[in-house]
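Open your viewer and get ready to click along. Each stop tells you what to select and what you will find there.

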Amino acid sequence: MVGLQHYIILSAVLFCIGLYGALAKRNAVIILMSIEIMLNAANVALVAFSRYVTPQLLTGQIFAVFVMTVAAAEVAVGLAIIIALYRQKEKVDVGEVDLMKW
Amino acid sequence: MIWALLGPELLLAIFALAVILLDLAVKQKGVLAVFSIVGLLGSIGASLALWGTNGIALNNMLVIDKYALFFDVLFAAAAILVILASTDYVEKLKGFQGEYYALILLATTGMMFMASTRELVSIYISLELTSISLYILAGFLKDAKSTEAGLKYLLLGSVSSAVLVYGMALVFGTTGGTHLGVIWNAVKGLNGIADNPTLIMGIVFLVAGFGFKIATVPFQMWVPDVYEGAPTPVTAYLSVASKAAGFAVILRVFFEAFGRAPWLSQSWGMLFAILAAITMTVGNVVAINQTNIKRLLAYSSIAHAGYIMMGLAAVGLMESQLALARSGILFYLAGYGLTNLGAFIAIIAISNNTGSDLIDDYKGMVRRAPVLSLGLAFTLISLTGLPPTAGFVAKIYLFNAALQSGLLWLVIVGVLNSVISAYYYLRVVKTMYLGEPASTERLSSSGPLRVALTASCFGVLFLGVLPNTVIQVTEAIKFLVS
């Protein structure tokens with residue numbers, strides 16, 4: 001029987017994969033994809049909580065829809081900035097984005 | 001009725017869209033700045049007209065109380081100063097001026113919603129409206145540094161907002177609601193940190209997500225790079241309005257949802273106290289070595305986030321101190337906002353001429369631009385916290401609130417940090433007044449810039465000399481708690 005904890009474990013694993021990718025990868029596009037995984041981990045948790053904790057309400061599902069919408073906007077801006085970067089460096093490696101350091 | 005309550009925000013949203021259309025129609029681009037400022041003034045007018053109403057809108061998701069309206073006025077005033085300061089800068093952005101103003105207005109709209117929302121979904125949406133507009137603005141110049149700033153801000157900002165959403169999901173899962181009132185009703189029935197690990201984890205994630213916005217250590221890595229690379233007016237806006245919006249949201253969420261259960265509020269109060277101590281120390285110590293004035297002010301803004309967090313800690317540790325600490329935070333944000341905007345406006349005027357942000361290039365600036373140097377020196381003195389400026393009163397007032405909550409050790413750390421900060425702020429003043437200028441050429445600055453600098457310096461002086469007028473207002477501010 002699949003219960004709430006299975007969904008939450010799935011979402012925690014997804015979140016960790018996404019966080020690892022965002023911190024360890026050097027390609028800006030892959031970092032954006034990792035961030036998407038983190039957001040979707042949150043969506044899984046939201047929908048699962050909504051189904052098991054408040055089955056009579058749709059708050060969690062609605063929240064997930066909003067998160068997806070905002071994520072799409074974020075990626076649109078992200079890709080635009082990455083294209084601007086590519087025009088300057090012909091690369092999308094964040095390791096080379098190092099004009100400013102402390 | 002509901003439209004009237006949402007007046008300040010709706011007006012700005014309409015003006016933001018209209019300014020893009022207007023950009024297509026007019027040849028004389030100066031009109032766009034005037035048009036945006038009219039919108040912002042209208043928004044301030046609408047906020048002042050609503051002053052004193054305690055309204056609830058959109059299915060209880062938004063509250064229009066004095067707290068929200070105070071921030072509406074603060075954000076709109078900051079945006080006006082930023083637009084005045086941008087007039088020279090936007091000449092460089094051929095063809096994209098309408099978008100520049102529209103994004104500033106949209107970011108302001110998002111911040112206003114942040115200050116008045118009390119529901120996690122709408123907090124997330126308004127925070128993202130602000131952030132996404134600011135990502136674009138940070139990368140607006142499309143040169144190497146600005147693009148780098150935009151990319152770093154976007155990637156780190158998105159990670160932090162993903163963490164924030166995950167925290168919201170956990171809080172929603174343990175309390176069964178996204179409305180702060182519902183969350184509080186659930187938290188009321190709980191007891192003990194060890195019994196509620198999921199809720200605690202959610203709260204820690206919320207602190208991480210919001211901590212990014214206000215730039216607390218350890219989520220401050222983006223600040224110096226983004227502040228240095230972004231167009232300077234945008235940096236000014238980031239350092240003032242975006243930070244204030246973060247504090248507006250944190251204070252409301254943490255007090256309304258988690259602040260009235262002592263077992264919980266003691267813990268997050270202590271968490272904020274420790275973060276405050278670390279944040280101000282890191283900000284001030286790293287600032288000492290900076291050679292670029294924008295980076296110096298970036299670290300200084302981290303340090304100031306630390307000072308303001310003392311107020312949050314005071315609320316968490318002693319609920320009875322809410323009124324004093326909240327008033328302290330509001331006054332500090334107003335004073336710090338005016339001061340920092342003034343400093344950045346002077347820097348914009350100077351770098352428009354010299355094309356450099358290095359502190360070494362400020363040598364003997366007093367002989368090349370006496371008024372700008374005086375303005376910069378005055379705002380730096382206010383940032384240090386010396387009388388007769390807003391920074392002095394704000395610090396005393398906020399430190400007092402922390403003291404009342406029994407945070408003597410934190411106040412001592414704060415005072416020691418102010419001493420450290422005097423070194424690097426006054427070093428800039430010394431460079432300007434005692435250094436030998438590289439050239440004797442006089443600097444020119446545009447009319448709007450001078451107006452903005454004068455306005456912010458007089459604001460700083462006013463808050464420093466007659467603070468009671470404003471403190472009376474901030475002390476009367478309450479938020480509507482369900």
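Start with the salt bridges: the structure, which is a predicted model, holds 10 of them over all chains. Select B:Glu228 and B:Lys145 to see one, with the closest N and O atoms 2.7 Å apart. B:Glu228 belongs to helix 10 (residues 222–229) of chain B and B:Lys145 to helix 7 (residues 144–175) of chain B, so this pair ties together parts that lie 83 residues apart in sequence.

B:Arg295 is buried, with a relative accessible area of 5%. Now select the whole group: salt bridges with shared partners join B:Lys145, B:Glu148, B:Lys152, B:Asp225, B:Glu228 and B:Arg295 into one network.

Within that group, pick out B:Glu148 and B:Lys152. They form a salt bridge whose closest N and O atoms are 2.8 Å apart. Both residues lie in helix 7 of chain B, four residues apart, about one turn of the helix.

**Next stop: helix 16 of chain B**

Select residues 370–384 of chain B. This is helix 16, with 15 residues, and it reaches 21 Å from its first C-alpha to its last, close to the 21 Å expected at 1.5 Å a residue. How many of its residues are buried? The number is 11 of the 15, so helix 16 of chain B is largely enclosed by the rest of the structure. Color the buried ones if you like; among them are B:Leu372, B:Gly375, B:Phe378 and B:Leu383.

Step just past the end of helix 16 of chain B and you reach B:Gly385, which takes a positive phi of about 95 degrees. Go on into the loop between helix 16 and helix 17 of chain B, where B:Pro388 sits. A cis peptide bond joins B:Pro387 and B:Pro388, with omega about 5 degrees.

**Next stop: more backbone details**

Most residues other than glycine have a negative phi, and most peptide bonds are trans. With that in mind, move to the loop between helix 9 (197–214) and helix 10 of chain B, where B:Pro218 lies. The peptide bond from B:Val217 to B:Pro218 is cis, with omega near 5 degrees. B:Ala215 is in the loop between helix 9 and helix 10 of chain B as well, and its phi is near 65 degrees, a positive value in a residue other than glycine. B:Ala215 counts as buried at 1% relative accessibility.

For another positive phi, select B:Asn59, where the angle is near 55 degrees. B:Asn59 lies in the loop between strand 1 (55–57) and strand 2 (62–64) of chain B. B:Asn59 is exposed, with a relative accessible area of 71%.

**Last stop: where chain A and chain B touch**

Color the two chains separately and look at the interface. Here 41 residues of chain A are in contact with 41 residues of chain B. The area buried between the chains is about 3500 Å², and carbon and sulfur atoms give 81% of it. What does the rule find across this interface? It finds zero salt bridges and four residue pairs in polar contact.

On the side of chain A that touches chain B, select helix 1 (4–24), helix 2 (28–52) and helix 3 (59–89) of chain A, each of which supplies at least two residues. The largest share, 15 residues, comes from helix 3 of chain A. By type, the residues on this side of chain A divide into 31 nonpolar, seven polar and three charged.

How values were computed:
Residues numbered from 1 in each chain as written. Chains lettered and ligands numbered in written order. Predicted model: local features only at pLDDT ≥ 70, side-chain atom pairs only at ≥ 80, totals over all residues. Heavy atoms only, no water. Expected span 1.5 Å × (residues − 1). Buried < 20%, exposed > 50% of the residue type's maximum accessible area, 1.4 Å probe, protein only. Salt bridge = Lys/Arg side-chain N within 4 Å of Asp/Glu carboxyl O. Contact = heavy atoms within 4.5 Å. Buried area = accessible area lost by both parts, 1.4 Å probe. Polar contact = N/O pair within 3.5 Å; in protein donor to acceptor, adjacent residues only side chain to side chain. Nonpolar A, V, L, I, M, F, W, Y, C, P; charged D, E, K, R; others polar.
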